[in-house]
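Dear colleague,

Please find the structure below, followed by an account of what was found in it.

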Amino acid sequence: MYFLGIDIGSSSSKCVIIDENKNIVGRAVKNIGTGTNGPSVVIGEALAKAGITEEQIDFTVATGYGRANHTQADKQITEISCHGKGVAHLVPGARTIIDIGGQDAKVIKLSETGNVDNFVMNEKCAAGTGRFLEVMARILNCELSELSELAKKSTEEVEISNTCTVFAESEVISQLAQGTKREDVAMGANHSITSRVAGLARRIGITPIVVMTGGVAINDSVVHSMEEQIGYDITVAPDPQACGALGAALFALESFNKKNN
Amino acid sequence: MEQEKISSKQMLNDLMADHYQSALDAKANGELVCWATSIAPQELLTTMGVKVVYPENQAAAIGARKEAQKFIDDSEGKGYSVDLCSYARVNFGYAALKDSEAQNVPMPDFIYTCSNICHTVLKWYENLAKELNIPMIVFDLPFNHTYDVQDHAAKYMKGQIEEAIKRLEKITKKKFDQDKFKAVMEQSNATSQMWKDATLVAKAKPSPLNGFDLFNYMAAIVTNRGTKAGYELFKRWKEELEAKAAAGQGPWKPGEEEKFRVMWDGIACWPYLGPTYKGLKNNGINMVTSTYPDSWTILYDNGDIEGMAKAYSGIYCNSNLQNGIDRITNIVNDFSLDGIVFHSNRSCKLLDFRQFEQQRQIEEKCGVATVLFDGDQTDPRAFSTEQYNTRIQAFLETLENKKEERRKG
Amino acid sequence: MADIKSMIAEFEEIALNPAKSAAKLKKESGKKLIGMFPYHLPEEIVYAAGMLPVGMWGGQTDFKLSNKYLQSFCCSLIKANVEFGMNGAYKGILDGVIMAAYCDTLKCICEDWKVAVVEPTGMPLIAMYYPQNRKIAAAVPYMQAEFEKAQAQLEAISGKKVTEADLEAAWTVYEAYRAECRKFVKLVAKMPATLNATKRHLILKAGWFMDKKAYTEKLAALNAAIEAAPAEAFKGKKVLVEGIIVEPIALLDAFVENDVCIVADDVAQQSRMFRIEGRKAGTVYEKMAYRIVDAYADPLLLDEKKEHGEELIKMAKEAGADGVVVCAMKFCDPEEYDYPIFKKQLEAAGIPVLYMEIEQQMASVEQYKTRIQAFAETLA
């Protein structure tokens with residue numbers, strides 16, 4: 001039996017297929033999100049990897065920003081619950097999840113039994129989201145994926161003090177004009193985003209084990225900066241981008257069992 | 001007399017050091033300590049001999065020392081919005097962390113708040129009273145939508161003063177001494193008048209006063225408005241300024257010319273005192289005054305409680321638009337100003353949301369140049385030096401154009 | 001049931017079209033209309049003067065003209081009123097406006113309004129201030145004096161002298177209105193599907209654009225019909241909402257979509273306006289003043305004991321709410337000061353809290369849908 005979880009984000013699509021023993025048999029990630037063919041592409045790829053057809057899927061749960069548009073799903077569950085589920089499965093004992101996505105940053109508090117206790121999300125502003133790093137990468141003329149390596153070469157701390165992404169942009173441009181090194185600015189951008197998200201985390205309280213998920217968690221200099229900000233070690237979830245999709249697949253398995261018992 | 005040898009700057013430093021130290025000592029000795037807002041009727045507290053510290057002063061000091069962020073982080077971590085007054089966010093943070101490199105203060109046994117400076121201080125102190133579980137004495141001075149303070153509002157305020165005296169007697173377990181009260185009122189009026197007189201010396205051209213010094217001396221009018229020591233300080237300061245003015249000295253070093261004279265509207269941008277000061281000074285712009293001097297010029301007939309209430313109620317930030325515009329117009333004329341710098345202070349909605357209209361009307365009435373910049377009184381994240389400098393540059397160009405127009409007639 | 005549905009439809013129609021409803025009210029009643037800025041205002045005097053008060057609770061608009069007076073960090077509800085005042089939306093409908101300075105923003109708006117609206121249109125403004133130090137004796141005569149001043153200004157607009165008998169009659173209408181509203185909010189839990197979050201809101205909102213007497217009669221009929229109807233089965237979640245207003249409608253729809261019923265509210269536009277029952281003794285002005293004195297746990301009225309949190313816990317328990325949803329009006333200082341304190345108290349009491357910063361003109365509520373759904377999932 002197979003269970004499919006699809007996480008349709010604002011800028012990426014993720015799909016995980018598991019069997020009845022919770023083994024991951026298929027997985028795919030694409031950097032195009034809701035409103036594109038991203039979801040069908042990742043589903044196709046994950047099915048191919050699992051070596052099965054769509055008809056063999058017993059239950060599908062959709063999550064993420066575009067979850068309501070995925071009409072093929074048997075059920076839709078929010079990414080908050082799905083991230084909680086995925087992380088609780090991957091990192092037993094996890095109590096706090098920090099997820100930085102393209103549009104949203106969220107901090108999720110898990111109970112001792114791995115259920116979602118509470119959560120907070122960023123308000124309208126883009127300052128604490130992946131979008132901020134995208135803007136910074138653009139100014140620094142590098143790929144988002146290169147930002148981490150760039151930051152590691154930083155020798156001097158620069159502070160990007162502004163909360164507003166627009167303000168911060170002009171601040172950074174003027175710093176570069178004054179000869180501040182790109183590496184230092186990259187590091188400053190990391191600090192800026194982590195201090196915002198750490199503020200969010202403090203609002204619900206931080207309990208170890210702390211786990212990071214989402215695409216930004218691949219950037220290990222952001223993770224390091226976040227550890228400094230919150231004063232706890234951080235475990236990066238295995239395959240951090242696909243955590244929500246995994247959670248959705250796990251929910252699919254649970255829902256299927258509930259339905260048939 | 002030995003004291004005459006000391007500069008007013010030294011006197012100020014000594015006075016402030018003593019202010020904080022004596023409050024810390026009082027706390028250590030088991031005496032009552034009160035936290036109060038900056039333009040509250042301190043006469044009652046001074047009469048009672050209660051040690052008072054002012055969270056706004058402390059927050060400004062913390063801001064100027066670039067220490068605000070850690071307190072702000074603590075408050076925001078508890079759910080306080082980034083959009084709230086940063087003095088309050090710093091103060092909540094201090095009340096929790098209780099340690100600052102800039103300036104420590106003793107924790108209060110009761111608090112004393114007056115809404116003439118804003119509604120915010122009611123909510124802020126409400127939270128302090130709850131969190132610290134201590135009594136709160138409140139003065140609510142209705143915002144004056146009329147040009148002058150109305151009689152029924154003055155009666156309401158008088159009722160509050162009488163109530164406050166009762167509450168103070170209960171809290172301090174001491175009788176309120178009416179004779180001492182009269183003496184304190186007398187002193188408070190004299191000190192207020194001396195503060196005002198000192199700041200008026202800046203009318204001289206060039207101004208002997210660099211207005212950023214005003215921000216420093218302001219700490220003392222907050223803390224020592226009811227004391228002889230405050231009076232002596234402002235007297236010395238006034239004498240110094242008069243001597244400089246008589247000698248034709250300007251605000252800065254010899255050779256640094258005061259090309260333009262401006263006033264500053266709003267609270268200082270404490271974390272960026274240096275950049276905001278230099279941005280003006282480097283262009284020969286001297287901030288000679290602000291709406292501050294008048295805010296602590298609380299004058300009334302001794303013993304006239306309703307008059308006292310009216311004086312507290314009628315301050316700039318509690319007055320209606322027309323009244324505020326007239327006051328600024330008078331300042332522009334009295335101080336021969338060329339322009340006005342408006343600080344759109346993210347923390348202070350009460351001043352901000354009238355500022356655009358004030359700016360327009362004053363420009364039209366007085367023909368002065370104006371500039372508005374975005375900043376915050378203590379939150380370091382809401383100001384951009386580059387943006388400020390660009391605006392001041394444009395301001396300078398307008399100032400020069402207007403001067404040129406005037407020269408041509 | 002069909003009867004209940006048609007009754008609701010009538011309220012809905014009125015509440016969804018405030019401008020049209022107010023114009024209709026004016027035409028049909030032949031009376032002058034006085035606009036009421038948010039919060040406690042002396043509506044009874046307006047009514048006694050032979051005019052009708054109508055609510056000014058913002059609305060959907062782009063901020064264009066109001067930017068002349070207000071920075072971006074101004075409360076969107078109040079800013080919308082300024083926008084409408086300037087773009088002529090109230091023209092020909094309102095014959096005057098009353099506002100009172102319950103916060104620093106309102107202090108300024110009152111002043112800006114004089115220049116932005118009164119000067120160009122001549123529409124009178126009655127600017128008031130309600131006392132914050134309301135528990136002391138001097139607060140009552142102060143309020144009476146404010147009411148007398150407002151009365152004189154209202155008489156000038158209506159051309160009718162107000163007598164004590166007029167005031168008594170108006171007071172009776174308003175006490176009945178408030179009692180009926182209190183009854184209605186308690187009945188919602190009986191029919192959580194029919195009286196879903198959106199409908200509940202619109203039923204209450206309609207009262208702002210009707211003659212209070214006529215509204216009260218209609219609401220009483222609805223209440224009676226609900227009482228007579230069988231209780232509805234409900235599998236969703238029940239919440240208490242807190243805030244100034246809960247809008248836009250799309251936000252309320254997100255509650256409905258996720259089977260979340262609002263069984264109680266601590267909302268400025270709703271229960272905070274009618275939960276205080278008037279005293280029986282004294283002149284009408286005294287009774288009006290004592291409603292302010294007796295108000296409790298109100299973020300816009302000084303609360304030395306800071307009872308907001310305790311009150312929320314009590315209300316949530318009484319209403320059987322599974323959690324509390326805070327709809328924090330962005331840039332509303334009084335609300336933003338209260339939140340950290342009551343959040344701590346609610347958490348200590350084991351009551352789940354969802355915090356959302358809202359603006360009335362939010363174009364997209366997608367993220368809010370996610371949060372409400374996730375909150376419902378955590379309550380499961």
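**A buried asparagine in chain B**

B:N318 is buried, with a relative accessible area of 0% (buried means under 20% relative accessible area, exposed over 50%, partly exposed in between, with a 1.4 Å probe and protein chains only). This is a predicted model, in which local features need pLDDT of at least 70 and side-chain atom pairs count only at pLDDT 80 or more, while totals for chains, interfaces and linings use all residues. Residues are numbered from 1 along each chain as its sequence is written, chains are lettered from A and ligands numbered from 1 in the order in which they are written, and side-chain values use heavy atoms, with hydrogens and water left out.

B:N318 sits in the loop between α13 (305-313) and α14 (321-334) of chain B; helices (H or I, at least four residues) and strands (E, at least two) are DSSP runs, numbered from the N terminus. Leaving aside residues up to four places away in sequence, the contacts of B:N318 include B:S115, B:N116, B:P142 and B:S313 (contact means heavy atoms within 4.5 Å). B:L141 is also touched, and the B:N318 side chain reaches its backbone oxygen at 3.2 Å.

**Nonpolar cores**

The largest nonpolar core has 275 residues, and among those touching the most other members are B:L44, B:Y112 and C:W113. Such a core is a set of buried Ala, Val, Leu, Ile, Met, Phe, Trp, Tyr and Cys residues joined through side-chain atoms within 4.5 Å. Helix α7 (residues 164-187) of chain C gives the most to this core, with 10 residues. Apart from it lies another core, of 39 residues, including A:L147 and A:V210.

**Salt bridges**

Over all chains, the whole structure holds 67 salt bridges (a side-chain nitrogen of Lys or Arg within 4 Å of a carboxyl oxygen of Asp or Glu). In one of them, the closest N and O atoms of B:R381 and B:E76 are 2.6 Å apart. B:R381 lies in the loop between β8 (369-375) and α16 (385-408) and B:E76 in helix α4 (residues 68-77) of chain B, so the pair ties together parts that are 305 residues apart in sequence. B:R381 is buried, at 10% relative accessible area, and B:E76 is buried at 13%.

In chain C, the side chains of C:R178 and C:E175 form a salt bridge at 2.8 Å, N to O. Both residues, C:R178 and C:E175, are buried. Salt bridges that share partners also join C:E242, C:D266, C:R272, C:R275 and C:E335 into one network.

With kind regards

Technical notes. Polar contact = N/O pair within 3.5 Å; in protein donor to acceptor, adjacent residues only side chain to side chain.
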